[in-house]
Amino acid sequence: MRLLRCGTDAVLVELDTLGEVAAVRAALAAAAGRGELPGLVELVPAARTVLACFEPGTGGRQRLRAVLDHADLEHPPAGAPRRVVLPAVYDGPDLDLVARTAGVGPGEVVRLHSEADYTVAFCGFAPGFGYLSGLPEPLRQARLDSPRERVPAGAIGVAGEFTGAYPRSSPGGWRLIARLADTAEPLFDPLRDPAALLAPGDLVRFEVAGGNTS
Amino acid sequence: MRRAITVLATGPQTLIQDLGRPGSAHLGVPPSGALDGPALRLANRLAGNPEHLAGIEALLGGLRIRAESSCTVAVTGPAVPVTVDGRAVGSHAPVHLRPGAELEIGAPATGLRCYLGISGGVEVPAELGSRATDTLSGIGPEPLRPGDVLPLGNPAGPPTGADELAPVRAPDRLTVPVLLGPRADWFDDPGAQLAGGEWTVSPQSNRVGVRLVGLPLRRAARYAETELPSEGVVTGAVQVPAGGRPVIFLADHPTTGGYPVIGVVRPDALPALGQARPGTAILFRPAGQYSDS
């Protein structure tokens, strides 16, 4: 673990694995919940880092070091993760490509993807876009050689060690295997509370939905 | 009838802004908020508001509004002509508008962004606790257009007198204090490279970031081909993309980035960057060690 200074009021904690990121995020969130990190404004996990930002002058950087020194990262606090089920229609344009690359049939891709338990490792790219860890090994595949200019909202893709769903239409290079069913709640709605359906630490499953068309 | 103003004309970019929505970066939500925070706070104080209420950020002026009810307003930011029904009233002072009065903000001679504070504040619906328009992610109200009617809150208190020195002139040359890190070690002699160079503000700059043109920053040989996994970034981060030309992230910055951040601008230097016109010379004054452990 390395602590990197990020301006006057923030620290970037650098780690070696996604598992360590989850443990550090959970430990810091729990400490903040106990009031041990006053002035904490942002706690932003990413692939190999956790960024902690504090209000100016609150001395948070020193406290953060103390919290990490005493944290048992082998047994991080469980917190209170939400359990989210996302109904999915497995008819993505790259389903066959993903199946071929994995050396299995499309039905097996659906089974692997929908029977796995995922955790929101971090969010980013767009509001409400969660990078879900826990993707079965055969589905861990490279991005498309050339990204699509437009991925429709609700598309579900895989890339590297992650799967995720696009909250809204945007360019994107993930291999698309499915889409959120029409019955799925929006991933992000700024007028809803909470605005984002997925937050770091939440537990996610995909559920095969009928072949509703849109 | 509810207190309101009507937008009659807008400049190149006219946005509702408050102090933003920090605290949701872990959901992928940028902080947003007024780029020149002190100017918005001052406009609010002059209009008799708490500092955090929503006002209007008018890029290069050009804003004309009509008061639909009696209100107190104040224009801050760079020096700019302000008229009420064609009569000059000046900026950086509270001005009372009768119902039907028209206020016009001209074009500032220097700087970029003027702020209009209105008694009661603009009360469009808040999104994630803020009324700021986030130009990167589209959260918050649409950019303002002629014909928009903006509801106002109830005035909180009496307008205050001019409580600060009047308009700052945005300089042609800005010296920007930077604390090195978190990824300064990705660059050859980062302090010397930053201190020795001179950049200018590119016309491609916007609320996401100030893009700089000038000498590219050189990566250290051991990081020449390395890819950085995306990591959280803060406002003021000086990110260096593959081409080596730095970008200073402002309020609408993405919450994570995949290029190394050589240093972070001191927060009190950010408002001036929000007022830096294309062509402004930027000099960095680096300080600090880049590793904390």
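This is a predicted model: local features need pLDDT of at least 70, side-chain atom pairs count only at pLDDT 80 or more; totals for chains, interfaces and linings use all residues.
The predictor assigns the complex an ipTM of 0.94, together with a pTM of 0.94. For chain B the mean pLDDT is 94, and 96% of the residues of chain B reach 70 or more. Where the two chains meet, the contact takes 35 residues from chain A and 31 residues from chain B. On the side of chain B that touches chain A, 14 residues are nonpolar, 13 are polar and 4 are charged.

Within chain B, the domain assignment gives domain 1, covering residues 4-151, and domain 2, covering residues 173-289. The centres of domain 1 and domain 2 of chain B, taken over C-alpha atoms, are separated by 29 Å. Between these domains, 20 residues of domain 1 of chain B are in contact with 15 residues of domain 2 of chain B. To the side of domain 1 that touches domain 2 in chain B, helix α1 (residues 37-46) of chain B gives the most, with 3 residues. By class, this side of domain 1 of chain B holds 10 nonpolar, 7 polar and 3 charged residues.

Chain B contains an open sheet of 6 strands, in the order β7-β6-β9-β4-β1-β11, whose pairing is antiparallel. The edges of this sheet are formed by β7 (87-88) and β11 (149-151) of chain B, and because each of these strands has a single partner strand, one side of each is left without a neighbour in the sheet. Elsewhere in the order, strand β4 (residues 64-67) of chain B and strand β9 (residues 102-105) of chain B pair in the antiparallel sense over 3 bridges. B:I65 stands opposite B:L103, a residue of β9(B).

Strand β2 (residues 13-17) of chain B pairs with β3(B) in the antiparallel sense over 5 bridges, and B:T14 stands opposite B:A58 in β3(B). Strand β3(B) is also joined by 4 bridges to strand β10 (residues 113-118) of chain B, the two strands running antiparallel. In β10(B), the residue opposite B:L59 is B:R113.

With 15 C-beta neighbours inside 10 Å, B:Y223 counts as partly exposed. The C-alpha atoms of B:Y223 and B:P151 are separated by 53 Å, the two residues being 72 residues apart along the chain.

In chain A, helix α2 (residues 60-70) has buried residues at A:G60, A:L64 and A:V67. Seen down the axis of α2(A), the buried residues fall within an arc of 65 degrees, and they therefore line one face of the helix. On the other side of α2(A), the exposed residues are A:Q62, A:A66, A:D69 and A:H70. The elements of chain A that cover the buried residues of α2(A) include β2 (10-14), α1 (18-33), β3 (40-45) and β4 (49-54).

Helix α1 of chain A is also where A:L18 is found. A:L18 is buried, with 21 other C-beta atoms within 10 Å. When neighbours within four places in sequence are left aside, A:L18 is in contact with A:A47, A:A121 and A:S133. The C-alpha atoms of A:L18 and A:R48 are separated by 6.0 Å, although the two residues are 30 residues apart along the chain.

Not counting residues up to four places away in sequence, A:R143 touches A:A159, A:G173 and A:W174. Between the C-alpha atoms of A:R143 and A:G92, which are 51 residues apart along the chain, the separation is 15 Å.

Definitions and conventions:
Residues are numbered from 1 along each chain as its sequence is written. Chains are lettered from A and ligands numbered from 1 in the order in which they are written. Domain bounds come from an automatic or database domain assignment. Two residues are in contact if their C-beta atoms, placed from the backbone, lie within 7 Å. Ala, Val, Leu, Ile, Met, Phe, Trp, Tyr, Cys and Pro count as nonpolar, Asp, Glu, Lys and Arg as charged, and the others, Gly among them, as polar. Two strands pair if DSSP finds at least two bridges between them. pLDDT is the predictor's confidence in each residue, from 0 to 100. A residue is buried if 20 or more other C-beta atoms lie within 10 Å of its own, exposed if 12 or fewer, and partly exposed in between; C-beta atoms are placed from the backbone. The arc is that of the directions from the helix axis to the C-beta atoms.
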